[in-house]
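Dear colleague,

I am handing over the structure we spoke about, and I would ask you to keep it open beside this message while you read. My notes on what was found in it follow below.

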Amino acid sequence: MNVEEVSATLKRLSAEIARVLVGQDTLIEHTLIGLLARGHLLIEGVPGLGKTLLVRCLGRVLGLSFRRIQFTPDLMPSDVTGSNVYSEAEGRFSFVPGPVFAQLVLADEINRAPAKTQSALLEAMQDRSVTVDGETRALPAPFLVLATQNPVESQGTYPLPEAQLDRFLLKLEVRHPTRQAEANMLKNYLAGFDPTDLGALTVLSSESHVLEMQRALGEVRVASEILDYITDIVQRTRSHPALTLGASPRASIALLCVARARALWEGRDFVTPDDVKSYAHAVLRHRLLLQPDAELEGTTADHCIDGILRDTVVPGTSA
Amino acid sequence: MRLAFARRSCMVSVRRSRLALGFAALAAALSFAVPASAEEGSSEPPRAPLDVDARERLERDLSRLVAGPELAFCHDATEAMRRANREVCRVVLTNARQRCPAMARACSAHFAELESNGSDEARFGQVPGALGSILFWGALVLLGAAVLRFLWPLLESLAPAPDVVQKPSAGPSPTEPTTPRPPQESDVERLLAQAERARNEGRFEHAVAALYGALVHFLGREQLITVEPARTNGDYLRELSPQPELAASVRQAFRSVERVQFGHSEATAELCSELWSRILPIVKGGVALLALVLLPHTLIGCGPRASLNPESLPNGHHLLTKLLRERGREVRHLALSTGEVDDDVSQLLVFGRDTSPEVWSTVLAWAEEGGSVIVTEPSEELTRALHVDREGSFACTHALELAPRALAQSLTVIDAGARRLRLPDAPGSKSAPRVEASCDGSARIATFHYGEGYVTVLANPELFGNISLTVGDNAAFVLELFGPPRGALGLVGSWTGGGVTSPLRALQNAGLSALMLELLVVLLVFFWHRGAAFGIPRDPSDLARRAFADHVRALGRSYARAKANRHALSQYAGFALEVLRERFGRGAPLSLIDLAGEVARRTGEREGEVMRLLTEAHEAAQDPGPDHGHPADLQTIEKLETLLYPSGGPQ
């Protein structure tokens, strides 16, 4: 597939999902870009914003398998990865795959499970395989995990450690829809929309199609000035006075991949500084650790990233 | 003896003759010492009647001067139409000889309309044309829109900010020093020139970069975008979103540039040409718009007919000053700000009623000392000094009756004004002024003997105007009135800066007050826009110290992040037990059981609960164990706190 075809396909996918998930166009775009960049997404938002619906719609229009894991404090690692179960009839152990063996996995409220269970999923995300009882089993391709967190509740939660957060390509903050979008949503509901029945959505892609789109990423050119730009931004996070911990080299790679994916989305075969700048927040915000004093002042990671972007010269600028 | 008598007689004779000679010399000297404006034994200043040659020369001069560009209303029909009014036409349409054919035709064609119009200031046919009006008002509207566009950001900044939660600042900038960038060219015209030069030399990549720079800086100059080194093309396009057509054009240009900068495309001549054709209309379009706004102004300003020199208007004095100068008279504008008249000035011509009292006192004092003053119309000061005023509406329908004079030919003098002088004394009396010209027995021009000098007062100033001097023998009469050329003639009036003592009054008289105020406002707006400090710039004061509670909270957050609940409990439990022992021990060490009893008694809690709590605290203080971030540890801390406060601890 060439660049224009990929871009057109992505736009069609986005439009199809937007028929059901009203008022979350940015979330849809970010999700598709994350899929294209072969990364996993961490979505933070209060309940009721359509996170589960998004993944279900995505699975439907992409023609991919979808599983949902509701993380609870008593969830065990084997509940995620699967385990060997003895079959009395057959007289032997057989592996029962866990819900992680799907192409789209929704890990709902990942911060409710204890660290051991979180690690099981995160390991699967990193390696794209699961090892149970010494036997490694590959996860299907493409493989995308969308983990969600509720920013409101803090009692009885197990926040993801910073080292584990780094494994997510993007952290998206989902906000409430606009007034108009919410009104349209209500009209859809009145018209008979059933969120559990997505039969009206058209399947526009397939597993091989998605893999082909991911391979098209390799055709996107990245100029050396863009590499310098990415490096400058990430380097500045390590010397920022409001940050205890800056972004790792994994963040640089993530920013590069996402910028290429965004260029594809725009129908270009080259990356521009705008591709990097527009996704800097989503890529970096969960990889930065604030100083306690800065946190007290109300400074957030996004503020620090704003300041870094303001201070970093864009390549090719004439200003 | 006879010889002695003869000698004595001779000496007396000599003395007498010497005395006679002396008296004669003294008389001659005195006669020369009297100001030249006084004729011995005469109550009028010297006049200069024109002989035949002088009249012929005057005629030639008038013909030449009225044909010049300064008096366009005489020969240009359109200009004449614009300038004609009742007063002017009343002069022109007399039977006296006309020297302004265009004005005569204009007045003849529309006199009836003028007469029916009650206003003396009636004008007709003065608009150059409908197209000129449209252009003029259209240009004014565009200019107003441009000013508003310029001021809009300032007005927006004055509007109160919406009630939103203020986001905290982004914190301090990274401390890592950055390499300073070389200065970038930002002049649009220079960038375009660079682009053209590079294109001609085959350096297409430079040409593309220069064109891109020209486009960005043009948009920045027009305040459509904010140009900064850290802003991308996407940021600029988002700023242009309120203008979708422009944004679409700019987006195409940006895409072409990005293909060269970051993509696979090479900078070629074709790409350069394509960019040139995209960018030039955007950049030059602004210049074209400016030219369109300014063009009507230049069109309106072109041509002699648009001259706004008041001296060239029908009631101006261009012709008078020109005639006097060509006859060897120096004519000078005087402000009389020092209260003195220049020594070489022999005559003053004072205009109008708006001359300041200070100037009047200077003029009258000078006249009293022997000066000659001609006043175009009476004023309050003149009325007080000479008891002369003007009155009524007495238009003269025929030539004025002139005082007898030694002229070979009589003069036909037409006075366009409608007022007459009211003289203080009856004519013929010793102190009465000499009436120079009258109409039906009413004085129009009179000369007063004032001290050692003379003051000639006119009832109507129109006699000295350009149009008046082109009619009949008005020019000859006026030249005779001014007398022979001797010394400079000083023109005094509010428009010469007539002796005002304050700069503000001078500005006001010159009609510059509004302009100065406007310039001041523009200057203030300019510096306000540029952000100039109107006072000593001060940095906002930094918060040098934090409250202790902030440090405690920061420490608490660190503990919480590290899940060091057990460690915190260990520290706090040791502190709490120590405080409780001090409070209840009365100097003697208490065991846990005794301490629990005392605390329970003081606080009213159940002793068993207190004992359990103190035991747990004691264990944590002694051996905290591994930290798991258990919430129960925090609850223990809270409970210990409740024991401390009711027992008299710090709040």
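How many bridges join strand β5 of chain A to strand β8 of chain A, and do the two strands run parallel or antiparallel? Please bear in mind throughout that this is a predicted model. Four bridges join β5 (residues 104-108) to β8 (residues 144-149) of chain A, and the two strands run parallel; within this pairing, A:L106 has A:L146 in β8(A) as its bridge partner.

Helix α3 of chain A, which covers residues 51-62, packs on the sheet and touches β1, β2, β5 and β8 of chain A, with its direction making about 170° with that of β5(A). The sheet itself is open and consists of five strands of chain A in the order β2-β5-β8-β1-β9, with parallel pairing, and its edge strands, β2 (66-70) and β9 (170-173), each pair on one side only.

Chain B holds an open sheet of eight strands, in the order β1-β10-β2-β3-β9-β8-β7-β5, and here the pairing is mixed. Its edge strands are β1 (331-334) and β5 (401-402) of chain B. Strands β2 (residues 345-350) and β3 (residues 372-375) of chain B run parallel and are joined by four bridges, and B:L349 stands opposite B:I374 in β3(B). Helix α13 (residues 318-326) of chain B lies across β1, β2 and β10 of chain B, at about 130° to β1(B).

Finally, A:T237 lies in helix α9 (residues 224-238) of chain A and is buried, because its relative accessible area is 0%, under the cut-off of 20%.

Key: Residues are numbered from 1 along each chain as its sequence is written. Chains are lettered from A and ligands numbered from 1 in the order in which they are written. This is a predicted model: local features need pLDDT of at least 70, side-chain atom pairs count only at pLDDT 80 or more; totals for chains, interfaces and linings use all residues. Side-chain values use heavy atoms; hydrogens and water are left out. Buried means under 20% relative accessible area, exposed over 50%, partly exposed in between (1.4 Å probe, protein chains only). Two strands pair if DSSP finds at least two bridges between them. Contact means heavy atoms within 4.5 Å. Axes are lines fitted to C-alpha atoms, for helices over the stretch in contact, and angles run from 0 to 180 degrees between N-to-C directions.
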